[in-house]
Amino acid sequence: MEELSSMVDNNTIMDLGKCIECGAKETDGFSCYEMFQFPLIWEHNDPELYALHFWLVSCYMIQHPSNYTEEGYKLMVSLFTEAYDNEWPAQYILRKNRDLNTKIDKITNPLPNDKRKRIYRS
Ligand SMILES: [Zn+2]
């Protein structure tokens, strides 16, 4: 299965040890994006962890909205909210997530990563 995170350039920009977008401090020199890669690898061969894939990816993406178009961001937030509020089972979420992935060209920000508009947080 294609993973949302592997299809797009969703790197983050760190400045003075902090992510300019979500405001998190880097950990052991790792940026948000680099930290995000660890659980993606852990879950790869662990079905129990993989069941939480959607939550992992969507939380990361929602905290770094510059990766999306405005429409794409709204779609992701509404999928997240619906899934959480209705306690959707993992299989159903993954199916919905796949549906979203088919619209990926409209969802992800077409601008090169370093040209994206980011709302800075202090
Ligand atoms: Zn961040």
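Trainee: Which residues in H5 do Phe54, Ser58, Met61 and Ile62 in H4 meet?
Mentor: This is a predicted model, in which local features need pLDDT of at least 70 and side-chain atom pairs count only at pLDDT 80 or more, while totals for chains, interfaces and linings use all residues. Residues are numbered from 1 along each chain as its sequence is written. Helices (H or I, at least four residues) and strands (E, at least two) are DSSP runs numbered from the N terminus, and two residues are in contact if their C-beta atoms, placed from the backbone, lie within 7 Å. On those terms, the four residues of H4 meet Met76, Val77, Phe80 and Ala83.

Trainee: Are H4 and H5 parallel or oblique to each other?
Mentor: Axes are lines fitted to C-alpha atoms, for helices over the stretch in contact, and angles run from 0 to 180 degrees between N-to-C directions; H4 and H5 pack at about 140 degrees, with their axes 10 Å apart. Angles under 35 degrees count as roughly parallel, over 145 as roughly antiparallel, 65 to 115 as roughly perpendicular and the rest as oblique. H4 and H5 are therefore oblique.

Trainee: With which residues is Met61 in contact, leaving aside its neighbours within four places in sequence?
Mentor: Met61 belongs to the largest nonpolar core and is also one of the residues in H4 that meet H5. Beyond its neighbours within four places in sequence, Met61 is in contact with Asn10, Asn67, Tyr68 and Met76.

Trainee: Is Asn67 buried or exposed?
Mentor: Asn67 is found in the loop between helix H4 (53-63) and helix H5 (70-85), and its C-alpha atom is separated by 9.2 Å from that of Arg118, 51 residues apart along the chain. A residue is buried if 20 or more other C-beta atoms lie within 10 Å of its own, exposed if 12 or fewer, and partly exposed in between, with C-beta atoms placed from the backbone. Because Asn67 has 26 C-beta neighbours inside 10 Å, it counts as buried.

Trainee: What is the phi of Leu16?
Mentor: Leu16 lies in the loop between strand E1 (14-15) and strand E2 (18-19), and is exposed, with 7 other C-beta atoms within 10 Å. Most residues other than glycine have a negative phi. The phi of Leu16, by contrast, is positive, near 50 degrees.

How values were computed
Core = buried A, V, L, I, M, F, W, Y, C linked by C-beta atoms within 7 Å.
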